[in-house]
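Please work through the following exercises on charged side-chain pairs. Each task is followed by a stepwise solution.

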Amino acid sequence: MARPAATPVLPEGLAPSESEPLLEPGDRLTRHEFERRYQRMPHLKKAELIEGTVYMPSPVRLRRHAKPHNQLGTWLGVYASETPDVECADNSTVRLDLDNEPQPDLVLMKLPEKGGQARVSTEDYIEGAPELAVEIVGSSRAYDLHQKKGAYRRNGVREYLVWITGENRVCWWELRDEEYHEIEPTPEGLLRSAIFPGLWLDVPALLRGDMRTVLATVRRGVDREHQH
């Protein structure tokens with residue numbers, strides 16, 4: 001998760017008066033200008049342009065973000081390793097439109113030649129909407145659940161999954177009739193993708209930290225789909 005803050009970040013040894021403008025949280029920029037400034041800050045690990053506004057990360061906490069990020073990345077990585085024609089990526093820049101260039105925690109996308117709606121540019125950026133975007137946030141007040149969610153919906157991200165770690169819950173939406181609708185769990189508490197066959201998430205197991213069951217469940221989903 002990122003949030004607007006007040007302090008600009010400058011390259012080492014470079015004073016504000018000696019530099020061209022760099023990224024500052026809260027700046028209103030075009031995507032072209034955002035990229036130009038971002039490229040001048042190679043030490044910066046994450047910045048996003050959402051609805052024309054720059055967001056930059058706060059320090060990453062272990063249990064509220066880094067560990068959950070790793071857990072969902074492992075879940076998606078297992079699915080991608082056993083499913084042809086999909087790609088999983090971690091913290092990849094996504095050029096959604098002229099006002100939005102997010103850097104989702106995770107994405108899962110179909111290959112373009114297999115009907116995927118996003119492309120990889122000659123500069124190695126994702127262009128267009130991946131089928132699934134995943135974010136880890138601490139609170140339902142995070143902009144990921146408001147401004148960014150709106151940008152994802154408008155640009156056609158087919159599914160959006162958010163783990164709200166501070167509230168111990170997971171939300172997964174699918175895009176239908178141009179609106180996001182929350183996916184209902186099965187009686188077992190499983191959430192199942194409508195876009196990626198076999199992508200099942202055992203939410204109760206995830207929330208209690210039982211990754212063995214989480215990974216067994218997604219493998220079970222993949223195996224069932226491969227039998228059809």
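**Salt bridges and burial**

At 31% relative accessibility, E167 is partly exposed (buried means under 20% relative accessible area, exposed over 50%, partly exposed in between; 1.4 Å probe, protein chains only). The model is predicted: local features need pLDDT of at least 70 and side-chain atom pairs pLDDT 80 or more, while totals for chains, interfaces and linings use all residues. Residues are numbered from 1 along each chain as its sequence is written, and side-chain values use heavy atoms, leaving out hydrogens and water.

**Exercise 1.** Determine which side chain E167 meets in a salt bridge.

*Solution.*
1. A salt bridge requires a side-chain nitrogen of Lys or Arg within 4 Å of a carboxyl oxygen of Asp or Glu.
2. R169 meets E167 at 3.0 Å, N to O.
3. R169 is partly exposed, with a relative accessible area of 34%.
4. By this rule, the count comes to 17 salt bridges.

**Exercise 2.** Describe how E33 and R36 are placed in helix α1.

*Solution.*
1. Helices (H or I, at least four residues) and strands (E, at least two) are DSSP runs, numbered from the N terminus.
2. E33 and R36 lie three residues apart in helix α1, so about one helical turn separates them.
3. Their side chains form a salt bridge of 2.9 Å, N to O.
4. E33 is buried at 18% relative accessibility, whereas R36 is partly exposed at 29%.

**Exercise 3.** Locate the partners of the salt bridge between R37 and D27.

*Solution.*
1. The closest N and O atoms of R37 and D27 are 3.4 Å apart.
2. R37 belongs to helix α1 (residues 31-39), and D27 to the loop between β1 (2-3) and α1, ten residues apart.
3. R37 is buried at 12% relative accessible area, and D27 is buried at 19%.
4. A network of salt bridges links D27, E33, R36 and R37.
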